[in-house]
Amino acid sequence: MSAAPRAGGGVARLQIDLEAVAANTRLFADRTGGELMAVVKADGFGHGATAIARTALAHGASRLGVASLAEAFALRAGGVDAPLLSWLNPGDADWGAAQAARVDVAVPSPEHLCAVTRAAPGSRVHLHLDVDMARDGVRAEDWPDVCCCAARAEREGQIRVVGVMGHLGCAGESTHTQAGAAANDVARERFAWALRVAHDAGLRPVDRHLAATAATLTDRRTHHTMSRIGAGLVGIDPSKTTELRPALTLTAPVVTIRSVRVGTAVGYGHTWVAERPTRLALLPLGYADGLPRVASGRAEVLLAGRRCPIVGLISMDMTVVDIGDLAVFPGDLAMVFGPGDAGEPTVRDWAHWADTIEHEIVTRLGPRLNRTVTPPLSRLI
Ligand SMILES: *Cc1c(COP(=O)(O)O)cnc(C)c1O
């Protein structure tokens, strides 16, 4: 999906700041001597895959990465032409269509290697080693065999092994905890071993990539020939070491205001009861738009320049805010989150209130939000 305005019934507005994405991309380009792959999976971390891709490509990224082939094909359909890697697909994916769309594919298991070789001779592949998460990627014990098979397939002209990749499990923790640092050391060494095994098998992958956002910012030893940056492009730094620019601002107009007496219960389940006479403002967005319901009772918004608490349970379409005697009027805009410049909550605040990470907040924003991109993409590319 692109970040262009979508037909949605809601009036809550999500602004995507591509200038911030451009600045973040330039920062990463400065931090690494290698190539930059912009990771735009999950609709560009909820910011609009095509707009983020085009902006990043114009400001220092030379490649794109996504999880699924469907995401890759959507970028191609949107006219995005850059080199593109897709790393998460079932063994019976349409490898022929990937090749036809000039999409590199990752090989995360021996079975995938056989399937790609058989279904789409000539494919460009990146062998993906599981460095430390027991999640995705070839297991270390299978790696030597996979390298041998891949080298044979390459000699026979069936595939081209253009890359070797890994993905770190504790890069965000490595600068903060000893356990994280130790895990990172082991994973880095395992990747170095994997490159040697691949080389000894006769493979000469030109792309050797391990680092994502956190490792790129904190550990040069992970850089190799390329960094894959997703969260960092949209202003999220899992290592919490670097000032990046958040790219989203979510606002909603006050629909109505009511005065309530002491003892008035608010919302489903009556989880909040007024302890003083006060005024309540209704906002037209809720958990269907991505506000985590679990943040009820903790979260705040900015109204009339002041932080005001959300009271009662966040419901599907609405949220109630205690505005006390602030000079707030129907139609005034509440800032739900933004970069924080005006004192509004940030995505990081919402992640804290919902006991999660920023990534989850930005990737769960709903289709009903009225999305606008500033400045226009044409000014940045
Ligand atoms: C999501 C992802 C990335 C990007 O990670 P960030 O920390 O968001 O930069 C890189 N590589 C792989 C394999 C991923 O799944």
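**View 1. Lys 41 is partly exposed, because its relative accessibility is 29%.** Here, buried means under 20% relative accessible area, exposed means over 50%, and partly exposed is in between (1.4 Å probe, protein chains only). You're looking at a predicted model: local features need pLDDT of at least 70, side-chain atom pairs count only at pLDDT 80 or more, and totals for chains, interfaces and linings use all residues. Residues are numbered from 1 along each chain as its sequence is written, and side-chain values use heavy atoms, with hydrogens and water left out. Lys 41 sits in helix 2, which covers residues 41-46. Helices (H or I, at least four residues) and strands (E, at least two) are DSSP runs, numbered from the N terminus. Skip the neighbours within four places in sequence, and Lys 41 is in contact (heavy atoms within 4.5 Å) with Gly 65, Val 66, Ala 67, Glu 71 and Trp 87. An unreviewed UniProt entry lists Lys 41 for "modified residue: N6-(pyridoxal phosphate)lysine". UniProt positions follow the numbering used here, feature names are shortened, and annotations may be inferred rather than shown by experiment.

**View 2. Here's the ligand with the residues around it, including Lys 41 and Trp 87.** Also around the ligand are Val 39, Phe 45, His 167, Ala 212, Thr 213, Arg 228, Ile 229, Gly 230 and Ala 231; a residue is near a molecule or strand if one of its heavy atoms lies within 4 Å of it. Now for some polar pairs (a polar contact is a pair of N or O atoms within 3.5 Å; within protein, one must be able to donate a hydrogen and the other to accept it, and residues adjacent in sequence count only if both atoms are side-chain atoms). A side-chain N or O atom of Trp 87 is 3.3 Å from a ligand oxygen, and one in the side chain of His 167 is 3.4 Å from a ligand nitrogen. Gly 230 uses its backbone instead: an N or O atom there lies 2.8 Å from an oxygen of the ligand. On its own, the ligand has 390 Å² of accessible area, and the protein covers 90% of that. Accessible areas come from the Shrake-Rupley method with a 1.4 Å probe; for residues, only the protein chains shown count as cover.

**View 3. Thr 32 sits in the loop between helix 1 (18-31) and strand 2 (35-39).** Thr 32 counts as buried because its relative accessibility is 7%. Its side chain reaches the backbone nitrogen of Gly 34 at 2.9 Å. Leaving out neighbours within four places in sequence, Thr 32 touches Thr 216, His 223 and Ser 227.

**View 4. Ala 22 belongs to helix 1.** With a relative accessible area of 0%, Ala 22 is buried. Neighbours within four places aside, Ala 22 is in contact with Thr 55, His 59 and Leu 380. The C-alpha atoms of Ala 22 and His 199 are 36 Å apart, with the two residues 177 places apart along the chain.

**View 5. Ala 115 is part of helix 6, residues 110-119.** Ala 115 counts as buried because its relative accessibility is 15%. Ala 93 is 22 residues away along the chain, and its C-alpha atom is 8.8 Å from that of Ala 115.
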